[in-house]
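Here is a walk through one protein chain, written for someone who likes to keep the structure open while reading. Have the viewer ready, and we will go from the sheet to single residues.

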Amino acid sequence: MRYLGHLLLTFLLLLTNTALGHGPTRQKLVLSVDVAAAPDAVWAVIGNFQDMSWHPAVFSTTGQGGNALDATRLLTLKEAEGPTISEVLYKYDGAKMSYSYRITEVDVSVLPVTNYSGRLTVTPKAGGGSHIEWKGAFYRGYPNNDPPANLNDEAALAAVGAVYKAGLDALEKKFGK
């Protein structure tokens with residue numbers, strides 16, 4: 001009986017250790033805005049993967065491949081020599097006004113995330129106007145346990161949320177509510 005008790009205790013300790021060492025959880029974020037403009041007008045502004053001039057944080061966009069799968073773009077932020085984010089397009093549907101992309105390279109001091117993928121979609125609203133949705137999934141910038149505050153889940157969610165909000169606010173300003 002004593003042997004069984006020790007075995008059970010060992011098993012519980014191992015189970016607890018495994019639970020504590022699982023690492024980060026994939027974070028998900030969805031923000032959206034409704035605007036007065038027709039979906040075609042909104043898509044004409046945001047539907048070109050090679051052009052993110054509509055986002056206030058983006059100084060310039062360069063890339064190759066247009067809207068074809070595996071097209072790439074390099075976003076330069078803030079100023080000509082500002083930090084950059086490299087992205088690749090992995091899904092594009094002009095008829096459904098939606099595209100999905102991944103970040104292939106970013107310094108976590110610029111955006112504290114890893115393994116980021118995002119999707120932008122425009123849909124018609126009943127009664128007119130458009131619904132714009134920006135959705136992302138990602139891991140925090142620090143992949144191990146006990147991340148520093150600037151690379152934890154909360155920092156990743158806050159940073160991505162700020163990017164989405166700035167872009168959606170700019171679109172709302174451009175197209176009206």
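Let us begin with the sheet: seven strands make up an open sheet in the order 1-7-6-5-4-3-2, with antiparallel pairing. Strands here are DSSP runs of E with at least two residues, helices are runs of H or I with at least four residues, and both are numbered from the N terminus. Two strands count as paired if DSSP finds at least two bridges between them. Strand 1 (27-35) and strand 2 (58-64) are at the edges with a single partner strand each, so one side of each has no neighbour in the sheet. From one strand to the next, the twist averages 20 degrees.

A word on what you are looking at. This is a predicted model, in which local features need pLDDT of at least 70 and side-chain atom pairs count only at pLDDT 80 or more, while totals for chains, interfaces and linings use all residues. Residues are numbered from 1 along each chain as its sequence is written, and side-chain values use heavy atoms, with hydrogens and water left out.

**The chain as a whole**

Three helices accompany the seven strands, and along the sequence the pattern reads α-β-α-β-β-β-β-β-β-α. The chain has 177 residues, 37% of which count as buried; buried means under 20% relative accessible area, exposed means over 50%, and partly exposed lies in between (1.4 Å probe, protein chains only). The accessible surface comes to about 10,200 Å², and 57% of that belongs to carbon and sulfur atoms. These areas come from the Shrake-Rupley method with a 1.4 Å probe. Of the contacts (heavy atoms within 4.5 Å) between residues at least 6 apart in sequence, 50% join residues at least 24 apart.

**How the strands pair**

Strands of a sheet pair through backbone hydrogen bonds, either parallel or antiparallel. The table lists pairs from this sheet.

| Strand pair | Sense | Bridges |
|---|---|---|
| Strand 1 and strand 7 | antiparallel | nine bridges |
| Strand 6 and strand 7 | antiparallel | 10 bridges |
| Strand 4 and strand 5 | antiparallel | eight bridges |
| Strand 3 and strand 4 | antiparallel | five bridges |
| Strand 2 and strand 3 | antiparallel | six bridges |

Some partners are handy landmarks in the viewer.

Six residues lie between strand 3 and strand 4 in their hairpin, where Lys 78 takes a positive phi near 70 degrees. The hairpin of strand 6 and strand 7 has five residues between the strands, and Gly 127 in its turn has a positive phi of about 90 degrees.

**Helices against the sheet, and the core**

Helix 2 (residues 39-46) lies across strand 1, strand 4, strand 5, strand 6 (113-124) and strand 7 (130-140), at about 150 degrees to strand 6. Helix 3 (residues 153-175) also packs on the sheet, where it touches strand 1, strand 6 and strand 7 and makes about 15 degrees with the direction of strand 1. For these angles, axes are lines fitted to C-alpha atoms, for helices over the stretch in contact, and the angles run from 0 to 180 degrees between N-to-C directions.

In soluble globular proteins, nonpolar side chains tend to be buried together. A nonpolar core is a set of buried Ala, Val, Leu, Ile, Met, Phe, Trp, Tyr and Cys residues joined through side-chain atoms within 4.5 Å. The largest one here has 35 residues, and those with the most contacts inside it are Val 42, Ile 46, Tyr 116, Ile 132, Trp 134 and Val 160. Helix 3 gives the most to this core, with six residues. Beyond four places in sequence, the contacts of Tyr 116 include Trp 134, Phe 138 and Val 160.

Ser 117 is in strand 6 and is buried, with a relative accessible area of 15%. Ser 117 stands opposite Ala 137 in strand 7. The side chains of Ser 117 and Arg 26 form a polar contact of 3.3 Å; such a contact is a pair of N or O atoms within 3.5 Å, and within protein one must be able to donate a hydrogen and the other to accept it, with residues adjacent in sequence counting only if both atoms are side-chain atoms.

Lys 135, in strand 7, is partly exposed at a relative accessible area of 32%. Its bridge partner is Val 30; Lys 135 and Val 30 are 105 residues apart in sequence, yet 4.3 Å apart in space, C-alpha to C-alpha.
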